[in-house]
Each structure stands twice: as C-alpha cells, then as structure tokens.
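Reader: I have a structure to go through with you. Can we take the labels one by one and set each against its cut-off?

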Amino acid sequence: MEMQNAFMAFPWAVVLILLPLAGALSCFLFPRICRTLGLITSFATVIAVVGLGWQLLEHGSYRHAIGGWGAPLGIELYADGLSLLMLATTGLVGFAISVYSTTYFKAAVAIKFWPIWMCLLAALNALFLSADIFNLYVTLELLGLSAVALTALTGSKEALNGAMRYLLATLLASLTYLLGVALLYHSFGSVDITLLAKQIQATSAVWAALGLIAVSLMLKTALFPLHFWLPPAHGSAPAPVSALLSALVIKASFYIFLRLWFTLFDPLIDNEAINTLLGLLGCAAILWGSIQALRQTRLKLLIAYSTVAQVGYLFLVFPLSASMGSVAWNGVAYLIISHALAKSAMFLSAGNLLFFGGHDRIADLDRVVQRLPLTAAAFALAGVSIMGIPPSGGFIGKWLLLEAAMSQSRWDLIVVMIIGGVLAAAYIFKVIGYTFSPAEVAHEAQPVSATMQWSALLLAIAAILLGFLYVPILTLLGISDIIIASGARL
Amino acid sequence: MNWNDWIPLLVLMSSLLPGLLIFSLAEENVQTRVMLNLFGALAKLALVGLMLWGVYHGHHYETRLPLLPNLDLVLRVGPLSLLFITLSTILWLVTTVYAIGYLEDSPHRSRFFGFFSLCVTATVGVALAGNLISFLLFYELLTLATYPLIIHRGTEEARQAGKIYLRYTISGGALLLIGTVWLYSLTGSLEFTPKGFLFNIGEQHYPALIGIFALLITGLGVKAALVPLHGWLPLAMIAPAPVSALLHAVAVVKAGAFGIIRVVYDVFGVEFSAGLGVLKPLAWLAAFTIIYGSLRALFQNDLKRRLAYSTISQVSYIALGVAIAGPIATIGGVVHLVHQGLMKITLFFCAGNLAETLGIHKISEMNGVGRRMPWTMAAFTIGAFGMIGAPPIAGFISKWYLGLGALNNDQNWVIFVLAGSSLLNAAYFLPILHRAWFMPLPESWPDEHHFGNKETAWALLLPPLVTAAMALAAGLLVTLPFSPLEWAKLISVREFYQP
Amino acid sequence: MSSAMNIEFYTMTLWIAVIWPLVLSIPSLHSRLPWPRHLALLPAAVLTVIPIDVSIEIPWLLYGTGFAIDGNIRWILGAVVVIWFAAATISLPAKEKASSNYSTTFYLLSLAGSLGVLLTTELVAFFSFSTLMGYSFYALLIQNGNSARQRAGRLYLYVLIVADIALFEALLLVAFTTEHFQYEMVRQTMADISSSSVYFYMVLIGFFLKAAIWPFYFWLTAAFKSGSRTIALLLIAGPVTMSLLGLLRWLPVRDDIYRLGLIMQLLGAAAILHSALKIFTSGIFKQGLTRFNTTWLIVAFTGLLSFALGTTMQNPTLSQHYSYIVYPTISAFSLSLSLLILTTVKIHSEPESVENRPVLIINTFHKLKKWLHSTQQLASGLKLKTLALWDKSGSFVIKQYQHICSEQKIKFFVTDWKTNITLFLILGLAITWLAI
C-alpha cells in the first residue's frame, strides 16, 4: 500500500522530461557505452509513461507546477488522455527505434546519434506535457533543431541538402509561431493556455495570431502545400531518423495545432471559411501525396509522400468537428497513433531493405519476400494500416472519420477519403508486388540482423493489434477536463 | 467459463495458428508442414462437427468482441453459416491434400501454405460473421490473403494479374465500406437479423436505401464476379491449380455470393427489398451474367479460362435465386452454393491434374486424354454433366429448384435463361468431353511426367474423385436428412421465411 | 415361407438388373470377364423369364423412386433383352483389352440406362436413366468414326440436348403442380390443370425428337445409314423403343383436348403417308430392302403409334380397351425389325456384298458348333451322358441347316425381298395374335 501510494505520488511527468535529458548528457559524456545508455533511457521512459498512465487513470488529468510556482508566473505541466497517448506512442515507437538503432548505426555515427536522439525525446515529452504556449515554443524549437541535426547525421550531400531545407522551413515556422505567441501575450498578458482560453475574444490581433500560428504549424506538419521540405528530408535521412521524423516529430506540431485550436481559439473556430480551407488543404494533401507516392521509384521517397497524404487525413478533423465532434476527435487520435506505429515500421523495413541490397529502388526488390520475410511482412502489415483496411488501427480511425463525415453528409470528404485509401492500396501493393518477383540484375546481399527485422515487425503488428484495442484507448482518451464547444470532451 | 462463447473463435484459430506456424518453417521441413496442415484441417473439421451437433440440439454459439463504439466483432453460428463453413472445411481438407501433391518440389511451399491457411481463416470468418462490420473485416482480410497466392509464382505475368485483381477487389471493398458506413449512420445497427432490420425505416429514406443497396451489391459483386465486375477472374487463373480450385469453389467467389445472400436476407429482408424494387435489376444483372459468362466460355481455348468463365456464369445462379425472392428459389440459390462448389472444384482439380501430369493447358491439346487418364476424366465428366444440369448429378437439383421457384413467382423468363444456360453449358463442355474420350491420342504429350503404373500421383487423383463422388451423392441422395438440399430447405424456413 | 423369400430375392433382381451393367462397365472389371456384354443381360433375362410381377420402393434415391415390373413391361423387356443379346453377339469378340476405346463401357452404360428407363416407376428416375442412356449411346454411335458417323453423332447429340431441355421443363411443370411423380398420377394430374397444353407440347417435342417420330426423323436416317449393324439394332432397342415408352407414360390423359389429340393424329398420318411414299419410290422393287427403307419402316410404325395415341386422347374409353395391346405391339415391332436387319437388309456403308452375308451366318454356325463342342467336353469331363447326346444331335441339326443354307440357297433367300417381307409380316402377325 505504501509502495503503491509512493508510486502514485511520484512526479512521473517531470521524470519523463528529465530522464531523456540526463540520458543525452550521459551519452555525450560516455560515448563508448552510448548505445546501452540510450537503450536504458528509452526503456525507462516507457516505464515512466506507464506510471503516468496509472496516475491518470486514478486521478484524472494531472497538473504539476514546476518548482511549486503555479501559472501565470511559473511553468505548469499538464497531462491528460491525449497527452498520455502521445507520450505512450512516443515511448513505444522510440523504444523500438532505439532497439533498431543499436545495430543499425556504426560506432562513429552512433556517437553522434544517441545524444541528439535523447534530446529529441526530451523535447517531445516536454512538448506533450506543456501547458503554456511559450513553453511549447521552446520545446518546438528544440525539437526542430534536434530533428535537423539527426537528418544531417550521415553527412552525405543528399542528407545535407534535405537537412538544410528542413532547417530553413523549421526556423521560418518557429519564428512565425513566436510572432503569434507574442501577439497573444501582448493582447492578454499571459501565456498559459487555460488562462488565455478564459480571456480570449475575437479581435483582429487574435485573428492574426491564429493565422500566424496556424501557418507555422502547417509548415511544421507539412500540410499541402507547405510540404515541400518533407520528401527530401525524410527520404535522405537514415532509416531510424526518417521513422522518428515521420512518426513522431510531425505529430508533435499537429498535437499543438489540435490543442490550441480546440482550447485556445475555441470562440473563433466556428468560422466556415477556415474549416473549409483546412478541409480543402487536407483533401488536396491526400490526393497529391498519394498520386506522387505512386510515381516514385525509390522506396523511401514513396513512404515520405505517403506521410504527406496521411497528414491530410489528420487535418480533416477540423471540418468534421462541428457536430459529432467527439467521433472525429477519436478518429484523428486513433489515426495519429496508428500512423505513428505503421509509418515507423515502414521506414524501418525500408532501412532493412536498403541495408540488404544497397539500394531502395522499388522495381529491383529482388524476391525480398523470400529472403527477408520478416521485413516484407512488416512492410505489408504496416501498409494494411496505412490503407485503412481492417483489421488495423488505421481502419478504426478511418471508420470513425467516415462516420463523422456521413453524419454531416460531407460526401466530398467521404469520396476523397475513399479515393485516398484506394490510392494508398495502389502504391503499397505496388511495392509488395515487386517483392515477389526477381530483379533483372541480382545484387549481392548483406545480411540484416534479427533485431532490426523484429523491431520493424513488432511495430507493424502493434499497428494491426491497435484495431482491436478500441476500448482501452477510448477510456484513456476520455481522461480530460477540457470540454470543447460542441459539448464533446477532449 | 462458457465454452459456447469461444468455439467460433477457436474455429478461426484452428487455421490461423497453423498458418502462422507454417510461415516460420524452413522449406525442407516437409513432414512438419504436412502435419500442421492436416492437423489444422482435421481440427477444424472436428470443431465444425461439434457445432453441427450443437446446433442440432439447440445450442447457441456466439463470440462477441468490442471493435468500435456500439459495434462489436460478432461471430455467430446459424444454419446458413454452418452450411458455408462445412463446405469450406471439407473442401479445404481436400484441397490441402491436393496442394501437397501438386506443389511437390515447388519453391516457396511454406509461404504458400501459410497464406493458404490465412485464406481459409478469412473464409471461415466471412461465414461466421454476425454483423456487417465483421463481414467487412473478414472480406477485406480475404483480399489480402489471396493476393500473395495469386502472385505466388513471382513472374511478371503473375504480378500483372495480381495488380488487376487488386484493382477490382480494393475498389469493391471501398464501395462496400461506404455502403456500410452509410447504413450505419442511417440506422445505427449492422447486425444480421432474420428478415432484416430495415422495415421500420421511414419512406423518406428509401432513395438512400436504394443507394446503399447498390453500393453493397457492387462491392460484393466484384468478388461474386457479376458482369461487369468480373474482369479479374479469368486473369487470376495464373495462380497454381489448388489456388484456382479454392478461389473458385470456396473462398473468394462464394464469399461474394454469400455476402449477397446476407445483405438481401439478413440486412434488408427479402420482402422489403422486393418492395424497394431493387431485386428486379439484380435478377436481370444475374441473368445477363449467366448468359454472358457462358458465351465467353465458348470461345476460350485455355482450359482454366474456360472454367473461369463458367464459374462467372454459375455463381450468378445464386444471385438469381436470391433475386427471384421466394422460398423455393432461395433453396435453389443456397443449395447451388454447395453444389457449384463441389462440381467446380472437381473440374479445377482435373484441370490441374492434366497440367501437372501431361503439361496440358489448352483444350486443343486434350485429344484422347481419356485413355491416358481415365479416372481423372471420369471425374471431369461427372463435373461437366453436373454443370450442364444432367440428372442425377447435383447441378440438376439446383436448376430444378431455381426453375420451380421462378414458376412459383410468375417469373417465367427465368426458365428461358436457365434453358439457354444449359444449352450453352452443353455447347462448351461436351466438345471437351468429346475430345478427351473419342479423339485419337496424339504422338506425345506436351510435358509428360510418369507416376509408375497409376495415371497420376495419389494426392492428385483422390481429391477430384472424392469431390466428384460427393457431387453425385448430393444429387442422388437428396432426400437424406444431411444432404445439402435438406439443409437449404431448413435455412430457407428457419432464417428467411419463418414469421 | 420359402416362396416369400423367393419373392424377396426376385425383387432384388429388379434393381440388380440395372446396377449389374453399371458395375460391369468399369473397364478394369469387364476386361477380366469373358463375354461381358452377354453377362450383363443375365439378371434382365431372369426378370423376363419368370412371370411374377414385383415392385420395390427406394425412397432415399433422388426424390423417392422405385422399380417395378409387370406384364406390359415384360413384353418390352423381352424384346430388349433379345435384341441386345443379338447385338452383343455380332459385335466385338469376347475379351477386350483395357486400352481400347471403351466401347464396352459405353455399351454397358447404355444398357444400364435402357433397363433403368424400363423398370423405374416415376418420372425423375426415368429422366435420369434416359439421360444416361442417351449420352452413352452417343459414344456408341461414333465408334470407329468416319465422318459420316461423326455427323450422325452430332445430329443425335443436338437432338438429345434439345429434347432433354424440353423434358426438363415438362418435369418442372409437374413439380410445380404436384408432389408425386408416379406415371399414372402424373398423367391424371397434368390433364386436369389449365396449363396442361404447355406440358403436352414439351412432352411431345421431347419424345418425338428422341424417338425419331415424324417430323423429327432425320437423325435416325443419318445414324442408320452410317452406322454398323450393331448400331442399327441398338437404335431400335435403345432410343426408339425407350422413347416410345416414355411417350406412353408421360402423355397426359384427357377427355376433351380434341385439339391436342388431333395434332398427334395429324402427325401420325403424315408420317405414314410420307414413309409409304419413300418406301415405294426408293427402288425397293429393284434393290431389295436397304437401310434407308428400314428407317422409313420405323417412321411408319411410330407414326402409326402417334396416330393411335392421338385417337385415344380424343376418346379415352378406347385407351382402356386397347392399352394392353400397345406394349406387345411395340415389342413385336422391335423384334421383327431387328430380325430383318440382322439377316436380310443390305447395308450401304459396309463394303459387304451379298456373298459376305451368308458367310456371316455360316460363321455364326461355326461358333455355335464350337460352343457345343466345348460343352460336350465339359460334360464328358463331368461325366454327364445326356449332354454327350446333345452334341451329337446338335451337330446333326447344324449340318442339316448348313446344307440348307448353301451358297445358292442363301443367296436366293436374302435377296428375294418378297420372301423377306412375307416372313416379316408373318412374324409380326404371329406375335400380335399371341398378345391378344
């Protein structure tokens, strides 16, 4: 009983931020054992998330004032169901990627990888736990910089190119965001989300802030047409890094968008025009991304464009949340999680294939299904989730969005979602089809270690299993004390 | 704990688990693989037997797992599901034996049998589904599981065939999804209830319901190969013979037809559908498919392609039986599910035998085969005559009930369609038989393999003989209590027409 | 008690008669037995000879069927057994290699089908057995096929398929009206309903096609002309007789369908006239009887039957009086025609001259002698004295007959058409008188 109480009272949220920072530091200081240290930190983060989850289930949403200083002066941490799910996803995917990276990176690169990766993890965790917009900026900045650094890790020309573009885009976005924060602070004198939400009104300054913040986050999340930086960056980064970027980093900025949209800018969001615009951009992203993915000849670029398309799905929550908000909300949350799992699995298997054959040309995937069965299975299962075919997490998310759209008779969105699913099936099965057939010229194969294959496969299986775990996830999502305009709980 | 709640799930597991295990086996582990395969098939047979006994004594088997808010994954055992699942299980056992013989010394057998088992799992799931969302889940799973079997050979041709297969089935699945979501948002329920759950809907929703019906039938019609959604079927013949046998007799095509039965009887209710006016177009479409499939079959020289078009034609009998909307026509349609499965699988097994033993793929190469492989061609003859509708083989019984049902409902035009279909069937099957039995032997066969004194390997010879005997028995012994016909009568009364 | 048991055994013969040829048709079985084609007739012969009427119900087969034999059927069964026996004798030798073209298999399947058609008690089984017989017969038709036989076979097949479809529709109509398929009940029921004319037409078309009744006789002429003697015999014993039987059993009985009966009468009359025309203008006076003319004899007879049936349809009381004549008449006709074909008729397609025919007959005598001889050896082995006598008397009789059938005499016999026609008529009259 004592133990349990102690367990409950432990500030897991703080641990979640400090632990990766400590890990980063130690990896930097002890480069020779950085792999082990990184792995341990990653695993410990997962445990911390479990602890936090337990805490939330017992007590509901959680607020922690750092150093005892509450808002508006101090920094507060806030954890509710959505943050918990994001943290859990981060922890799980992060752990899998850590396991993968222990064997993927050679020593020279690994020394650079692990500290930066730990920083990224810390930034992510802090972001999901932040309760005020300035803190969000700080974490967002840290996130962006770590991500750029990881992208440029290999030092190849392509990687540097992609990283440069990424850097420019992310800096531009961060500055825009900061400008928006400044506007809000100037108008209302606070940066805490809850306090701001109580005071906010539809003045022109607020509209401007909304516009700036929206654009910056759209740029960070690579929503069409601001997605130009994503394919080169994700396509040329090393596989685990691409996985991190597509699965987690993009979701972080989207998470901020969701939070701010539904809590902060609540009085403004009933505007038809904005919802329609976001919906339109989302549809365009789905169609454009899928069509571009179909045209790719390299696997990693295909997966990157697939990410662009999937992000479009996420943005459909905005037009759909008018009535029946909670269904769309649940759908998007589900999509975020399953996409994270599936996309990381895809990138990891792409990494395996690259490692195996020395190239990632789709047409030359020489009978991989027989020689790397686990990887092929991982790719296929992840693809099933991306396509939105049952049974998988992606299907559940898609179903919920479709249901929300149907109840509002948004046939345009329905048609686009279905077409997106069909196109996704087209490009995924194109790859799978090629894994069965022999290539024209055989390549020498490098053996791929079992850890790498199994980490990809387990992530993919998790994406599929997510399709059966509706009830627990919904319970977790329900832990929140923010109620949005339509009466649904966030 | 209540075992009755878990038996449907166990039935699924009995092919899923061996399948997953087989994936991990190395190519050389022939013994283990065969043991796993046969163990899975026999275990499933035992469980199905248990369910048969249970349902006969009035037990109830249902598994419910939460899937979505207010929608569960439901596996329920009723007479119709039992019919389909018994057919699937028995034919899976037979096909497994056949596949073991057919693929001897072929590459990638572990992969093949793994996906094979997944395919059967999906089929069983389709049979057991208790609501439309579970049906959709297993229906899509079936698509995913059959694709690797089609492209198994890994050639460019196979890849293209697989691509076209996917184009059709994924689009069909998408349409089915839209229909399901629409229905759910309209009515809030997707459970399969006898006589449907839509009769309380207000009249203003009727156009929406017609749209939903069209979407659902189109989505299902892709797999059931209704014209013009049939394009994938002849191309899918590129797959190895056991796959063609399974696809065309049991799994994919029947799943589509089964889905149509479910939608018309358990979602819309047959009287309601007739009232909506959607059954007439379905009947016309089915009739057109029957004639069109047979016409196309006339012009095929490749044996498996001819059989493929014949399948397109025959499966629409089921849709026709459903669309005529009467108890007797229902019996005809439902019993044809079984009969066509038995007869078609026999024909495909024989085609596979010819290809494996003598390298024959075209009908023009089949001169005199009856003398070289008499037992295979005897089975083929029985299957062919069954298709033509000659008594006392099973096909005669289904045509009988379909014709009778049409007479009962004043739809006399169906009789002409059936007669025309019999004529066309005779036109494209009898020449094959003539060639095989009455033409002189050629100098040499395209690619002959010898099997000692017997005409071909036991594993290849027994399955068609068994299924041909079953087709013959299904026709001769129709009045026995466990014949498919009696079962279909039971289904028609219990599930569809009892007040 | 023992008689009851005997009856039971005898009843078993009913279905054994049908199953036995089916079983024998398996190639690996009949290639090991001597004289399979004759052996297959054994149970049927038993049924013919023992004059007890029995029936058996088999409720689990098809929709519930049964086998039965009574006096009427026995007439036809007798004719069938004799004709098939004769056909078996003049066709292939005793043993057959397994790698041949399955002629014995199809032969036996046709036989099984015919016997089944004859012995069943209801419509569905009738249809099933008739299908079996029909398709197996096609195989027989095109044995050793030259192009003429192939063409005849194709014609036959087309006719068969169309006829089967018509009969299937008729069956459906019966199923639509009633639950029972026994002949008498069907005939009564189908006559009472209003849509009986559709049924009537279906039955008419189906059986007229199958029995080559005018105007659907064309396939029969083709088959006769191109086929061998065996085929000619079997055509009579198989499709024609069985389909005539079908007509008798399936036609609805009605008092007042004047129009339908009239149609049958008209068709029958046309048949008789047409055939008479053909026979007398075909040069019968110069060349003697040919195959072609024999076909017209069949057409004439079937036309006569059609006319008679039409009359009974208009006047049902007639049918009660004369119905028992029909079966013996059919039987007599078949037998006599077969005899004609066997011994006298010129065959176009065989490169056979008049000289060869006596050789055929003499060969038969040789075979008979050999058989007698072997029996005698067997008898002496078993030390049965009476049989030894048999041999002596037998060979004596044969020698006498051989003397009679010397070259010249035979030549005269077989070519003199007057003698032949007279013989034919005498035979026919004799059997008819016996029947009445």
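This is a predicted model: local features need pLDDT of at least 70, side-chain atom pairs count only at pLDDT 80 or more; totals for chains, interfaces and linings use all residues.

Reader: Start with chain B. Why are H10(B) and H14(B) called roughly antiparallel?

Author: The axes of H10(B), residues 252–268, and H14(B), residues 327–358, cross at roughly 165°. Angles over 145 degrees count as roughly antiparallel. So H10(B) is roughly antiparallel to H14(B). The two axes come within 11 Å, and the crossing is left-handed.

Reader: Which residues make that contact?

Author: H10(B) brings B:Lys254, B:Ala257, B:Phe258, B:Ile261 and B:Tyr265. H14(B) brings B:Thr330, B:Val334, B:Leu337, B:Gln340 and B:Gly341. By class, that gives six nonpolar, three polar and one charged residues.

Reader: What makes H3(B) and H10(B) roughly antiparallel?

Author: Again, the angle. The axes of H3(B), residues 79–102, and H10(B) cross at roughly 175°. The cut-off is over 145 degrees. The pair is therefore roughly antiparallel. Their axes come within 12 Å.

Reader: Which residues meet between H3(B) and H10(B)?

Author: B:Leu80, B:Ser81 and B:Phe84 of H3(B) meet B:Lys254, B:Ala255, B:Phe258, B:Ile261 and B:Arg262 of H10(B). This contact has five nonpolar, one polar and two charged residues. B:Lys254, B:Phe258 and B:Ile261 also take part in the contact with H14(B).

Reader: Now chain C. How do you know that H8(C) and H11(C) are roughly antiparallel?

Author: H8(C) covers residues 147–177 and H11(C) residues 218–226, and their axes cross at roughly 150°. The label needs an angle over 145 degrees. So H8(C) and H11(C) are roughly antiparallel. Their axes come within 9 Å, and the crossing is left-handed.

Reader: What meets what there, and what are the classes?

Author: From H8(C) come C:Ala148, C:Arg149, C:Arg151, C:Ala152, C:Leu155, C:Tyr156 and C:Val159. From H11(C) come C:Phe218, C:Trp219, C:Ala222, C:Ala223 and C:Ser226. Nine are nonpolar, one is polar and two are charged.

Reader: What is the overall picture of chain C?

Author: Chain C has 20 helices and two strands. Of its 436 residues, 52% count as buried. Among contacts with a separation of 6 or more, 78% join residues 24 or more positions apart.

Reader: On to chain A. How do you know that the length of H3(A) agrees with its residue count?

Author: H3(A) runs over residues 34–59, which is 26 residues. A:Gly60 follows the helix, with a positive phi near 85°.

Reader: Why is A:Asn125 called buried?

Author: Its relative accessible area is 1%. Buried means under 20%. So A:Asn125 is buried. It sits in H5(A), residues 107–129. Beyond its sequence neighbours within four places, A:Asn125 contacts A:Leu16, A:Ile17, A:Pro20, A:Thr45, A:Leu87 and A:Thr90. A:Thr45 is 80 residues away in sequence, yet 9.4 Å away in space, C-alpha to C-alpha.

Reader: And what makes A:Thr221 buried?

Author: A:Thr221 has a relative accessible area of 0%. With a cut-off of under 20%, A:Thr221 is therefore buried. The residue belongs to H9(A), residues 204–221. Leaving out residues up to four places away, A:Thr221 touches A:Ile250, A:Ser253, A:Phe254, A:Val311 and A:Phe315.

Conventions
Residues are numbered from 1 along each chain as its sequence is written. Chains are lettered from A and ligands numbered from 1 in the order in which they are written. Side-chain values use heavy atoms; hydrogens and water are left out. Axes are lines fitted to C-alpha atoms, for helices over the stretch in contact, and angles run from 0 to 180 degrees between N-to-C directions. Helices (H or I, at least four residues) and strands (E, at least two) are DSSP runs, numbered from the N terminus. Angles under 35 degrees count as roughly parallel, over 145 as roughly antiparallel, 65 to 115 as roughly perpendicular and the rest as oblique. A crossing is left-handed if the near helix is turned anticlockwise from the far one by less than a right angle, and right-handed if clockwise. Contact means heavy atoms within 4.5 Å. Ala, Val, Leu, Ile, Met, Phe, Trp, Tyr, Cys and Pro count as nonpolar, Asp, Glu, Lys and Arg as charged, and the others, Gly among them, as polar. The expected span of a helix is 1.5 Å times one less than its number of residues. Buried means under 20% relative accessible area, exposed over 50%, partly exposed in between (1.4 Å probe, protein chains only).
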